[in-house]
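I am opening my notebook on this chain. My plan is to look things up one by one and write down what I find.

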Amino acid sequence: LWEFHESGGSVTGDSSGKGNVGTLVGDAQLGDSVLRLSGQGYVRVPASPSLNSPALNTWQFAGELSVNVPAGAPADQVFLSRSERALDDQEVGLVLGITGDVPFVRYGGHDAKAVTKLPRQSWHQLAFAYDGITLWLYVDGVAVSYMDIGWPSDATNNPLLIGAETIGSTVAAAANAYIDDVAFRDVAVAP
């Protein structure tokens with residue numbers, strides 16, 4: 001759990017007690033208990049066994065974050081990822097973001113996507129849960145989409161990025177937003 005209560009610096013602590021410290025990269029900034037991203041930075045949390053499901057055959061996980069997208073920011077952004085997209089656009093892993101201002105969660109190339117745009121300049125909770133079969137997307141605590149995807153792809157060796165995703169070995173799609181209270185859990189729980 002990353003709450004961003006630090007008043008500055010280059011790292012953000014993990015308040016879950018699991019020691020998953022995040023490193024600020026680029027122009028990512030901490031202040032006023034939020035992570036401030038302007039499209040040129042993100043937070044990198046190294047891959048860790050504590051970010052994986054306790055039993056690999058259960059493949060269950062969930063996550064959530066609060067986000068505030070400012071006016072004038074891009075309509076396509078990634079807020080959380082634990083994935084790797086190859087140069088041929090084949091994706092392995094998890095991505096949470098907006099496309100055309102519409103929230104989505106993608107896992108192993110399968111999308112669960114909302115039908116309405118995320119209002120700007122106000123705080124919203126985006127969350128997801130995967131129970132081994134179904135991937136759910138929640139906006140402000142309400143389930144807005146789901147997709148049955150069956151057996152997932154394996155992204156357990158990838159770092160967790162807050163505010164970006166990788167394409168090949170390059171970090172891309174850095175967010176321009178305020179982010180707070182990021183959680184990544186190894187069980188499928190609804191927000």
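How many aromatic pairs does the count come to? First I note what I am working with. This is a predicted model, where local features need pLDDT of at least 70, side-chain atom pairs count only at pLDDT 80 or more, and totals for chains, interfaces and linings use all residues. Residues are numbered from 1 along each chain as its sequence is written, and side-chain values use heavy atoms, with hydrogens and water left out.

**Entry: aromatic pairs**

I looked up the rule. Rings of Phe, Tyr and Trp (its six-membered ring) pair if their centres lie within 6.5 Å; planes under 30 degrees apart are stacked, over 60 edge-to-face, and the rest tilted. By this rule I get three aromatic pairs. I then checked Phe-128 and Phe-184: the ring centres are 6.3 Å apart and the planes stand at 55 degrees, so this pair is tilted. Phe-128 sits in strand β11 (residues 124-130) and Phe-184 in strand β17 (residues 176-185), so the pair ties together parts 56 residues apart in sequence. Are Phe-128 and Phe-184 buried or exposed? Both are buried. Buried means under 20% relative accessible area, exposed over 50%, and partly exposed in between (1.4 Å probe, protein chains only).

**Entry: partners of β17**

I followed β17 next. Two strands pair if DSSP finds at least two bridges between them. Strand β4 (residues 34-38) runs antiparallel to β17, with four bridges joining them. I found Leu-35 bridged to Ile-179 in β17. Strand β6 (residues 61-68) is also antiparallel to β17, and six bridges join these two. Here Glu-64 has Ala-183 as its bridge partner in β17.

**Entry: Val-78**

I located Val-78 in strand β7 (residues 77-85). Its relative accessibility is 4%, so I count Val-78 as buried. Which residues does Val-78 contact, leaving aside neighbours within four places in sequence? Contact means heavy atoms within 4.5 Å. I listed Val-95, Leu-96, Gly-97, Gly-163, Ala-164, Glu-165, Ala-173 and Ala-175. The C-alpha atoms of Val-78 and Ala-175 are 5.8 Å apart, though 97 residues separate the two along the chain.

**Entry: the whole chain**

I ended with totals. The chain has 17 strands and zero helices, where a helix is a DSSP run of H or I with at least four residues. Of the 191 residues, 48% are buried. Among contacts with a separation of 6 or more, 59% join residues 24 or more positions apart.
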